[in-house]
Amino acid sequence: SIPSWRERLPESTRARLTALFEHSPDMIDVLDPDGRLLDVNQRLCSELGHTESELVGKGIWEYDQTIDKDGVSSLLAGLSVDDPQTFEAQYRRADGSTFPVEINLVRLDIEGKDRFIAISRNITEQRHQRDLLEHRAQVLRQMHDIIVDQDQAFTDTVEALLALARSELETTYGSLSEIRGDEYVFEVVET
C-alpha cells in the first residue's frame, strides 16, 4: 500500500520517488510531529528485522535507544523547516542487538502538514575504523614519550619500546637481537 502523501503525486513523480525511497542504501523513515512512523523503506525494515507493517505506527523511541517519547517531541518541535540536523544514535533490532547510526533529520512541509524525514546509515564499520585510528594514535604518542625521555638509558628506551610492541602484538617475546654500527636489529616474535 502506498502512503497517502505519495498517492497524490503525479504517476511519474511517484514512480521516481518510490524507486529512490525503496532502493536507497540508507534507511529512510517519514515521521509525524509525534515521532510516529508514517512510512519506512525496505532498508530500514531489513536492518531492524521488522516488516513494514510492524514498523508503521510505532514511535521511533521504540527502536532508537538514545531517545524517549518526550525527547522526540522536543527534538522535532525544535527543528526548523528545511534545516537538516545530523546526529548519532543507537538502533535496536528485533533480535535485541544494537548498532550505531548517523541520522540526517529534516522537517518538511508536505501539503501543509509537518513531516520529518530521517535518513539513517549504519556506522558500525566507521566506528570500528575510528576506534582503530584512535588506538594507533595513542600507541604513537606512547612511543614518542618513550623515545624523547632524556632521563633513561638507551637500553631502557629499547626495552620500553619492545615492551610496548609485545603488548600491542600480544606476544611474550621481543628483544634487541643485534647492533651493526649505527643499525639496531629488533626482533618481536608473535606467540
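The side chains of Arg36 and Glu62 meet in a salt bridge, with N and O 3.9 Å apart; a salt bridge here is a side-chain nitrogen of Lys or Arg within 4 Å of a carboxyl oxygen of Asp or Glu. This pair links distant parts of the chain, since Arg36 lies in the loop between E1 and E2 and Glu62 in the loop between H4 and H5, 26 residues apart. The model is predicted: local features need pLDDT of at least 70, side-chain atom pairs count only at pLDDT 80 or more, and totals for chains, interfaces and linings use all residues. Residues are numbered from 1 along each chain as its sequence is written, and side-chain values use heavy atoms, with hydrogens and water left out.

**Overall architecture**

- The protein has seven helices and seven strands, where helices (H or I, at least four residues) and strands (E, at least two) are DSSP runs numbered from the N terminus.
- From the N terminus on, the order of elements is α-α-β-β-α-α-α-β-β-β-α-α-β-β.
- Of the 191 residues in the protein, 30% are buried; buried means under 20% relative accessible area, exposed over 50%, and partly exposed in between (1.4 Å probe, protein chains only).
- The accessible surface comes to about 11,800 Å², and 51% of it belongs to carbon and sulfur atoms; accessible areas come from the Shrake-Rupley method with a 1.4 Å probe, and for residues only the protein chains shown count as cover.
- Among contacts between residues at least 6 apart in sequence, 39% join residues at least 24 apart, a contact being heavy atoms within 4.5 Å.

**Salt bridges**

- The structure holds eight salt bridges.
- Asp26 and Arg121 form a salt bridge through their side chains, at 2.7 Å from N to O.
- Asp26 is buried, with a relative accessible area of 12%, whereas Arg121 is partly exposed at 40%.
- In the Arg36–Glu62 pair, Arg36 is partly exposed at a relative accessible area of 29%, and Glu62 is partly exposed at 31%.
- Arg93 and Glu47 form a salt bridge whose closest N and O atoms are 4.0 Å apart. This pair also links distant parts of the chain, Arg93 in the loop between E3 and E4 and Glu47 in helix H3, 46 residues apart.
- Arg93 is partly exposed at 23% relative accessibility, while Glu47 is buried at 13%.

**Lys58 and its surroundings**

- Salt bridges that share partners join Arg36, Lys58 and Glu62 into one network.
- Lys58 is found in the loop between H4 and H5 and is partly exposed, with a relative accessible area of 27%.
- Leaving aside neighbours within four places in sequence, Lys58 is in contact with Gly35, Arg36 and Leu37.
- Lys58 and Leu31 are 27 residues apart in sequence, and their C-alpha atoms are 9.7 Å apart.

**Nonpolar cores**

- The largest nonpolar core has 22 residues, of which Leu44, Tyr91 and Leu105 touch the most other members. A nonpolar core is a set of buried Ala, Val, Leu, Ile, Met, Phe, Trp, Tyr and Cys residues joined through side-chain atoms within 4.5 Å.
- Elements giving two or more residues to this core include strand E1 (27-31), helix H3 (42-48), helix H5 (69-77), strand E3 (85-92) and strand E4 (98-110). The largest share, four residues, comes from E4.
- A second, separate core of five residues includes Phe21, Val30, Val106 and Ile117.
- Beyond its neighbours within four places in sequence, Leu44 is in contact with Met27, Ile28, Asp29, Leu55, Tyr63 and Tyr91.

**Aromatic pairs**

- The structure holds two aromatic pairs; rings of Phe, Tyr and Trp (its six-membered ring) pair if their centres lie within 6.5 Å, with planes under 30 degrees apart counted as stacked, over 60 as edge-to-face and the rest as tilted.
- The ring centres of Tyr63 and Tyr91 are 4.9 Å apart and the planes stand at 85°, so this pair is edge-to-face.
- Tyr63 lies in the loop between helix H4 (52-55) and H5, and Tyr91 lies in strand E3, 28 residues apart.
- Tyr91 and Phe99 form an edge-to-face pair, at 5.9 Å centre to centre and 80° between the planes.
- Tyr63, Tyr91 and Phe99 form one aromatic cluster. Tyr63 and Tyr91 are buried, and Phe99 is buried.
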